[in-house]
Amino acid sequence: MSGDPQRAFETAADLAAEAVEVLRRNDLGGWTTAAPRLYPHQWSWDSAFIAIGLARVDTRRAMRELTTLFAAQWATGMVPHIVFNPYVPPGSYFPDADRWACTDLAAAAPSAPRTSGICQPPVHAIAARHIWSIAQRDGADAEGDARAVLADLYPRLLAWHRYLATARDPAGSGLVTIYHPWESGTDNAPRWDAAMASVAVGSLPPYTRVDLQHVADPGQRPTNDEYDRYLWLVEELKRARYDDAAIARTHPFLVQDVLFSAILVAANDALLAIAETVAAPDAEQQTIVSWRERGRAGLAARWDAELGLCLDFDLRAGAPVRTHTVAGFAPLVAGGLATDRLDALLTAFDSPAFAGHPALRWPLPPSTSPNDPGFRARSYWRGPTWPFLTWLFWWALARAGAHDRAERLRRAALDQIAAVGFAEYVEPFTGEPLGSADQSWTAAVALDWLAADDGGVA
Ligand code: 2M8
């Protein structure tokens, strides 16, 4: 980390100590809030990234983050995107468990804890393998405990991936269909604009937004029109009683999400390593390999040579989604690329359209390319840099063997966090911290980066 008078942290040790402190403050006993005020519940992919950081502090606690989440897994295998904290006062977050009404409507939902009715990208097997590899270096006790948890978690991870490979991909395309932009985790990215514009919003039960109370400027969050559409899709899912077959027939928003699908490919790679560790039957290991290969083929089919990016596919419109966002680098996350495709992706990643834009405060990929008409520098998923997503690309670059490139990304990312703290997201040109402060996954990835030597990945 280099000298800068406006730094929030002067040394790596200060930064690590405060990251641990943020995770400790957000720890509610076996699980971690995504952020103290804005997000007072357990979010699915946040917890996976949080576990990756916690592994650097305490591998047992890191595994517990995952087992707590998986205790809320649905009978279908789906891991819900929010597990609601029953102890927060009513009105702390919206939509709440009552609005989702999953326990009443969905036979597959657990009665407790209460959850949302959708999911998020499956980073969990990646996190579990990461914890396992660190636990193996931490001595026999840590390794033994981690092995026992892995044996328990493996069938749950397998059921989760099976759900995604079947209910979310009935045609066997290798790509995961999402029902809501919230499932992508990149909620109001321009990727979803056209599909959302086609959703006809009916009569919505009244609601009050809570999120706007926790940010300085409403422009940093989705608009009211976007929220109406989000809430309308929830009503549509309720009408289908969260039944995947019914949703596939009736739902107005069905998009094959390439970033989600690529994370599933990488997670299947991790699951395969876990299957070997727990000596899972050969047939299961072969099934996981087949999911991984089908996923890679599905992504290859969505490559747009003209844009040099991988594109989502809108099933309702029957057309690819031609936007310039970081999701276009999905094949990098999936891995297993031929050299020419890897080179094309690295060139696009470092181009002025993304991490090589000359006006960037740090050379980190903005969530949406500044060249995209939907780009907004301060608005949520429309442009800001997200540290946890930078981590995902750092990890993917290292896995692809691009170690120097990965190391440059890690250094720039740590410089960003040292300057602005554990912000949810960051304005890419000015470096202004945006959204929530003390966001757990930002603290978690900082810890992992600080612990990684020379770009090394656990
Ligand atoms: C954001 O999403 C939630 C809805 O799930 C929200 O805006 O209220 C997204 O950034 C999502 O990716 C993230 O998991 C969640 C919690 O950090 O916040």
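Reply: Helices α12 and α16 lie oblique to each other, so neither a parallel nor a perpendicular label applies (under 35 degrees is roughly parallel, over 145 roughly antiparallel, 65 to 115 roughly perpendicular, the rest oblique). This is a predicted model, in which local features need pLDDT of at least 70 and side-chain atom pairs pLDDT 80 or more, while totals for chains, interfaces and linings use all residues. Residues are numbered from 1 along each chain as its sequence is written, and side-chain values use heavy atoms, without hydrogens or water.

Helix α12 spans residues 258-277 and helix α16 residues 387-399 (DSSP runs of H or I, at least four residues). Their axes, fitted to C-alpha atoms over the stretch in contact, cross at roughly 50 degrees on a scale from 0 to 180 and come within 13 Å. From α12 the contact (heavy atoms within 4.5 Å) takes L259, I263, A266 and D269. Across from them, α16 supplies L389, L392, W395 and R399.

A second pairing joins helix α7 (residues 140-166) to helix α13 (residues 282-301), at an angle of about 40 degrees and with axes 11 Å apart. This pair is therefore oblique as well. On the α7 side the contact is made by Y154, L158, H161, R162 and A165. On the α13 side it is made by E284, T287, I288, W291 and R294. Five of the residues in this contact are nonpolar, two are polar and three are charged.

A cavity is a set of points on a 1 Å grid where a 1.4 Å probe fits but cannot get out, and lining residues have an atom within 4 Å of a point. At least two lining residues come from each of α7, α12 and α13, and α12 gives the largest share, with four. The lining divides into seven nonpolar, four polar and two charged residues.

The structure has six cavities of 30 Å³ or more. In the largest, of about 200 Å³, the residues nearest the centre are Y39, W43, Q120, D187 and Y380. Its lining of 18 residues comprises 10 nonpolar, four polar and four charged.

Methods: Ala, Val, Leu, Ile, Met, Phe, Trp, Tyr, Cys and Pro count as nonpolar, Asp, Glu, Lys and Arg as charged, and the others, Gly among them, as polar. On a 1 Å grid over the protein atoms alone, a cavity is a set of points where a 1.4 Å probe fits but cannot get out, and a pocket is an open set with protein on both sides within 12 Å along at least five of seven lines; lining residues have an atom within 4 Å of a point. Grid points are joined across faces, edges and corners, and a volume is the space filled by probe spheres set on the points.
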